[in-house]
Amino acid sequence: MGPDAAFTFPAGYGQTRLVLMVKDPWWLYAYWELEAQTERTTRSRLQPEEVAGLLTVLRVHEVTGGREPTASTSIRDVPLSVLTRSWYLPVNAPDREFIVELGLLTAGGRFLSMARSNRVRTPRAAPSPATDPQWAVSDEAFEALLRQTTGGRAGTSPAGWTTSFMRHAGAGSWLAAAPPPPSGNPLWIHLDADLVLHGRTDPRTQVRVDGQPVAVRRDGTFSVRLNVPEGSHQFTIEVATPDGRLARTVTPVIARTGLGPSGAAARERR
Amino acid sequence: MSSRGFLALILHTHLPLVRHPEQDGVLEERWLFEAITETYLPLLARLQRLAEEGVPVRLTMSFTPTLVAMLSDPLLQERYVRHLEQLLELAEKEIHRTRWQPAFQRLALFYQHRLSEARAQYVERHRRNLLAAFRYLARGGWIEPLASCATHGLLPLLEPQPQAARAQILVGLQVFRQAFGHLPKGFWLPECAYTPQAAQWLARQGIQYAVADAHAVLFGTPRPKYGVFAPVRTPQGLAVFARDPAASQSVWSAADGYPGHPDYREFYRDVGFDLEYEYVRPYINADGSRVSTGLKYYRITGATDEKRPYDPEAARRRAARHAEEFVRARRAQARALSGLMAQAPIIVCPFDAELLGHWWFEGPDWLEALIRLTAAAGSGLELVSLGDYLERVPAQQPVEPTPSSWGQGGYSETWLNGTNDWLYRHLHHAAERMVQQATAYPEAEGVTRRALNQMARELLLAQASDWTFILKAQTHTAYAYRRLREHLARFAALDKALTRGQIDSELLRSCEAQGAFFPSLDYRLYAAAPRS
């Protein structure tokens with residue numbers, strides 16, 4: 001038995017940690033863990049009158065250009081409930097840098113930081129206004145290029161440039177997949193019919209169905225599976241001695257009606 | 001050749017490591033088997049045919065280390081041959097069963113032929129070693145091979161622990177060097193997920209280029225003069241090529257792309273699901289759950305549930321017409337661009353290799369037809385690898401691309417959302433422990449060294465973007481959980497044993513047996529002061 005049999009993902013690692021990640025130009029994701037000692041130490045710095053109305057908050061700082069987080073860089077406080085351990089932050093700000101702090105906020109507005117995150121930068125979500133004089137390109141020329149990029153679907157304004165060509169491409173093309181239920185019909189059904197023809201004879205004989213040899217087992221039994229098409233169908237079963245001198249033929253008819261073509265869905269009847 | 005435009009086709013081959021020595025018949029090993037039968041062998045056969053005919057073939061192909069490991073693994077090679085033989089047996093039974101249904105019997109014969117060809121190709125021609133076959137194509141100049149991350153880790157989401165993200169790149173390059181004998185010119189960023197940090201690591205390793213999605217470059221700073229039709233040079237010195245969305249759209253799009261045409265084979269109608277249970281029981285999954293077998297009898301037909309039988313010849317003709325359409329559209333694009341650009345445009349089309357063949361059964365036919373058409377005189381297009389292009393057009397505009405990916409939404413949301421965000425605290429913690437232990441044991445020997453190397457393997461295998469993708473896609477999720485739990489459990493157990501100073505050799509052996517991957521992995525690349 002391997003080490004994984006009893007393994008569960010731990011709730012925490014006994015550390016104080018706040019990690020900030022970028023989902024896209026508009027959203028950040030933060031997860032954290034607070035060591036019990038961190039919170040106790042921070043709380044011990046509170047004045048007695050500050051305990052009432054105390055909030056745990058995630059403080060978002062915009063620190064573009066390498067600024068350090070200060071009261072003035074704070075753009076938002078997200079109040080958290082006790083058990084929260086992660087949060088998606090809608091910063092709505094492409095091409096900006098952020099740091100978040102987890103801390104206690106008193107009713108009087110004093111912020112006591114307990115953890116600070118890494119610094120992240122959101123990606124751009126539109127073409128840059130900056131151009132390089134050596135590689136100058138006018139708005140018109142750039143727009144013409146974008147039209148070639150999108151097969152004519154580009155917006156005509158920079159706002160329309162943003163997402164018109166961002167389409168989902170590949171991931172997981174190697175995955176196998178079970179067939180999805182067809183259409184929205186709750187009564188969908190696929191019907192088909194196989195005939196299992198089986199029998200027994202002298203094990204030394206040769207059995208043929210429609211001229212095709214069939215394997216006869218040592219005990220003389222044999223079986224053939226045949227997909228039966230719609231309609232009436234005559235076929236031949238032939239049994240012959242190994243030298244071929246004696247033979248006997250059976251010509252049964254099998255009819256399948258009303259199922260529709262093999263593999264097709266049954267038509268709905270009311 | 002005077003050409004109006006360059007066309008670069010990039011096939012990204014990748015599978016997560018699915019190898020289960022401890023158990024027979026694990027469903028997920030079929031991912032590899034299906035990719036070999038439906039994608040790798042058909043691609044190899046076509047590329048070799050073109051090469052033998054002297055048609056100028058030039059593709060760019062990436063190979064992830066997990067796939068390289070599986071293609072060279074004797075256990076999986078053996079299991080693949082067994083899998084083929086099982087399918088051949090099924091195809092033979094099907095030839096009998098469909099005797100009264102000529103439209104289906106033709107298909108059963110078609111599959112029997114394909115499968116026996118596949119077996120001959122795999123066993124006799126390639127002696128089970130497809131990696132050697134790709135290496136041969138690379139040496140002959142028909143493909144330009146690219147390296148990729150060790151286990152397809154999504155770099156932007158690993159970067160909070162930089163050494164762990166960097167190790168994905170370094171291990172990827174080491175595996176490539178062992179497989180192909182030299183460093184690659186370019187690097188495939190998993191999911192086209194570009195970051196400035198990755199550009200810096202790659203440039204420092206001497207890598208010339210990477211591929212990103214269109215908006216990485218279009219939204220780059222300053223504005224790129226030639227849009228996606230010329231690579232840009234990042235401040236770190238890496239050339240970045242951008243995917244052309246118009247070209248990609250016609251192949252990728254489920255709605256209006258080629259693969260959805262009614263003549264093409266319907267992916268979801270497979271005898272593994274359609275036939276009577278006891279009859280197909282020996283050919284589906286060992287646990288009795290139905291799975292695809294690859295024997296599929298219907299064509300897409302249209303937006304109907306009444307599917308018509310598949311006609312391979314009609315489908316092949318359709319693929320040839322789609323290749324003509326594709327070439328015509330690219331030529332028109334190149335012509336329109338010639339008025340806008342002072343240099344010949346490059347149209348960059350990356351695809352998952354497994355899209356061709358596995359999802360789009362006729363994809364390899366389309367590719368072969370496309371290569372023949374571009375090779376024809378007067379096509380106006382020249383097929384190049386990305387490395388060739390850089391030699392032909394050495395100057396690039398300095399641009400800082402924006403971080404992005406080719407996943408849904410264009411950034412990281414596929415791999416960071418409510419279905420999978422819980423994982424990152426565990427991945428980042430494990431990465432941090434790896435760095436701490438590697439730093440604590442700078443020159444470990446014996447079992448300590450083996451334990452550290454195995455920890456690195458388990459960490460890399462847990463970081464595969466495939467698991468977070470699967471959690472998001474909500475298919476095979478139990479398997480993704482299982483793999484994440486296994487790798488992180490083994491990592492934690494080894495970490496604990498190392499810290500206690502008592503490494504249980506039984507534990508170590510079982511981890512090494514199950515998490516076998518990249519035998520020459522050296523944990524020291526995680527040490528805090530990176531060796532250069």
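Predicted model: local features only at pLDDT ≥ 70, side-chain atom pairs only at ≥ 80, totals over all residues.
Strand 1 of chain B runs parallel to strand 8 (residues 346-352) of chain B, and seven bridges pair the two. One of the bridges sets B:Leu11 against its partner in strand 8 of chain B, B:Phe351.

Strand 1 of chain B has other partners too. Strand 2 (residues 59-63) of chain B pairs with it in the parallel sense, over four bridges. Here B:Ile10 has B:Thr60 as its bridge partner in strand 2 of chain B. Strand 9 (residues 381-383) of chain B is also joined to strand 1 of chain B, by three bridges, and the two run parallel. In that pairing B:Gly5 meets B:Leu381 of strand 9 of chain B.

How many of the nine residues of strand 1 of chain B are buried? Nine of the nine are, so strand 1 (residues 5-13) of chain B is largely enclosed by the rest of the structure. In a regular strand, side chains alternate between the two faces of the sheet. Strand 1 of chain B can be read that way. B:Gly5, B:Leu7, B:Leu9, B:Leu11 and B:Thr13 point one way. B:Phe6, B:Ala8, B:Ile10 and B:His12 point the other way. The residues on both sides are all buried.

Stay in chain B, but move to its loops. B:Leu295 sits in the loop between helix 12 (277-280) and helix 13 (312-338) of chain B. Is B:Leu295 buried or exposed? B:Leu295 has a relative accessible area of 1%, under the 20% cut-off, so it counts as buried. Its contacts, leaving aside neighbours within four places in sequence, include B:Leu90, B:Ala91, B:Glu94, B:Tyr111 and B:Leu115. B:Arg269, B:Asp270 and B:Val271 are also among them. B:Ile169 is 126 residues from B:Leu295 along the chain, and the C-alpha atoms of the two are separated by 38 Å.

B:Asn420 is buried, with a relative accessible area of 0%. What lies 2.9 Å from a polar atom of its side chain? The backbone nitrogen of B:Asn417 does. The backbone oxygen of B:Thr468 lies 3.0 Å from a polar atom of the B:Asn420 side chain. B:Asn420 also touches B:Thr414, B:Trp415, B:Thr468, B:Leu471 and B:Lys472, not counting residues up to four places away in sequence.

Helix 16 of chain B leads across to the other chain. It lies across strand 1, strand 2 and strand 5 of chain A. Its direction is at about 65° to strand 2 of chain A. Those strands form an open sheet of three, in the order 1-2-5, with antiparallel pairing. Strand 1 (17-22) and strand 5 (86-90) of chain A are the edge strands, each pairing on one side only. Neighbouring strands of this sheet are turned by 20° against each other on average, direction ignored. Six bridges pair strand 1 of chain A with strand 2 (residues 27-33) of chain A, in the antiparallel sense. Within that pairing, A:Leu20 stands opposite A:Ala30 of strand 2 of chain A.

The contact between the chains can also be counted as a whole. In chain A, 85 residues are in contact with 92 residues of chain B. The two chains bury about 8100 Å² between them, with 62% of it on carbon and sulfur atoms. On the chain A side, A:Phe9, A:Trp135 and A:Trp174 lose the most area to chain B, together 11% of what that side buries.

Now for the rest of chain A. It holds three helices and 16 strands. Of its 270 residues, 40% are buried. Chain A exposes about 14800 Å², and carbon and sulfur atoms supply 53% of that. Among contacts in chain A with a separation of 6 or more, 57% link residues 24 or more positions apart.

Four strands of chain A form an open sheet in the order 11-10-14-15, and the pairing is antiparallel. Its edge strands are strand 11 (212-214) and strand 15 (247-250) of chain A, each pairing on one side only. The twist averages 25° from one strand to the next. Strand 14 (residues 237-240) of chain A is joined to strand 15 of chain A by four bridges, and the two run antiparallel. A:Ile237 stands opposite A:Val250 of strand 15 of chain A.

Methods. Residues numbered from 1 in each chain as written. Chains lettered and ligands numbered in written order. Heavy atoms only, no water. Pairing = 2+ DSSP bridges. Axes fitted to C-alpha atoms, helices over the stretch in contact; angles between N-to-C directions. Buried < 20%, exposed > 50% of the residue type's maximum accessible area, 1.4 Å probe, protein only. Polar contact = N/O pair within 3.5 Å; in protein donor to acceptor, adjacent residues only side chain to side chain. Contact = heavy atoms within 4.5 Å. Areas by Shrake-Rupley, 256 points an atom, 1.4 Å probe, with all protein chains shown as cover. Buried area = accessible area lost by both parts, 1.4 Å probe.
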